[in-house]
Amino acid sequence: MSGQLENRTLTAEWLRQNHELYTAATNHSFIKSIRDGTIDVNNFKHWMEQDYHFVRELVRFVASVLQKVPRNAPEHDLDVILGGLTALESEITWFRKEANFWQIFLERVTLLQPNKDYCEFLKELEREDTPYAAAVTAFWLIELVYCASFMSCLEEDAKTPYELVSTVKRWGSPEFHQYTLSLKKLADKALENASDAEQKQAQKIFVRILELELKFWDMAGFVLG
Ligand SMILES: Cc1ncc(CNC=O)c(N)n1
């Protein structure tokens with residue numbers, strides 16, 4: 001019964017409608033190569049240098065979501081977004097530490113086109129004319145793609161290399177999963193209260209995020225030379 005109710009939410013419906021794209025974004029060959037231990041370390045380093053810069057733009061986006069939380073929302077709603085924002089601070093510290101370990105020079109990275117495109121899209125979402133419902137739905141989905149992807153690398157039969165365990169735990173842990181469920185609740189509540197036009201806008205953004213996540217993995221798993 002509760003399962004049925006859950007599946008009637010807009011986020012669940014959109015996941016069903018876009019099942020193929022969602023699966024492509026969460027079962028990418030890059031992630032599979034981590035899971036089966038065959039990953040080329042250069043691909044991993046390549047992903048990390050690009051992702052660090054993406055996350056810096058993500059901070060600005062999450063700050064914009066925080067500002068859009070309705071003042072009459074329960075205190076808990078703001079706390080969830082604030083928790084997401086503070087987690088990004090330790091994430092940035094973690095990226096720098098990892099970069100040091102892998103001998104990556106983060107300040108020398110050239111942003112590749114798929115990363116630039118994604119960051120540009122985040123900037124659009126940061127604008128005032130992107131309603132809270134669309135923004136919080138986007139935020140949930142951005143986190144969900146990483147969670148669902150990296151969770152698979154922690155399954156019992158996964159052969160994730162030891163050096164990558166801290167990475168996959170960052171996004172694939174049960175705690176991170178719980179956090180994505182909290183975001184999903186915020187998204188569904190906001191979407192329920194949104195106008196038809198706002199729901200349509202959020203749905204478009206939903207599809208765009210999945211496309212951008214997929215292209216981000218494609219970029220990461222491909223190293224020239
Ligand atoms: C491209 C991309 N999508 C989602 C995430 C996960 N959120 C925060 O770290 C990420 N790091 N990078």
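In the predicted model, Gly 37 is located in the loop that joins helix H4 (29-35) to helix H5 (41-68). With 13 other C-beta atoms within 10 Å, Gly 37 is partly exposed, because the buried class requires 20 or more such atoms and the exposed class 12 or fewer. Leaving aside residues up to four places away in sequence, Gly 37 touches Lys 159, Thr 160 and Pro 161. Val 65 is 28 residues from Gly 37 in sequence, and the C-alpha atoms of the two are 36 Å apart in space.

Helix H3 (residues 19-26) has Tyr 22, Ala 25 and Thr 26 as its buried residues. Viewed down the axis of H3, these buried residues fall within an arc of 90° and therefore line one face of the helix. They pack against helix H2 (10-17), H8 and helix H11 (196-220). The exposed residues Glu 20 and Thr 23 are carried on the face of H3 that is turned away from the buried side.

Helix H8 (residues 132-151) also packs with helix H9 (residues 165-172), at an angle of about 130° and with the axes 7 Å apart. The crossing of H8 past H9 is left-handed. On the H8 side, the contact is formed by Tyr 146, Cys 147, Phe 150 and Met 151, which meet Val 168, Trp 171 and Gly 172 of H9. By class, this contact comprises six nonpolar residues, one polar residue and no charged residues.

Note on methods: Residues are numbered from 1 along each chain as its sequence is written. This is a predicted model: local features need pLDDT of at least 70, side-chain atom pairs count only at pLDDT 80 or more; totals for chains, interfaces and linings use all residues. Axes are lines fitted to C-alpha atoms, for helices over the stretch in contact, and angles run from 0 to 180 degrees between N-to-C directions. Helices (H or I, at least four residues) and strands (E, at least two) are DSSP runs, numbered from the N terminus. A crossing is left-handed if the near helix is turned anticlockwise from the far one by less than a right angle, and right-handed if clockwise. Two residues are in contact if their C-beta atoms, placed from the backbone, lie within 7 Å. Ala, Val, Leu, Ile, Met, Phe, Trp, Tyr, Cys and Pro count as nonpolar, Asp, Glu, Lys and Arg as charged, and the others, Gly among them, as polar. The arc is that of the directions from the helix axis to the C-beta atoms.
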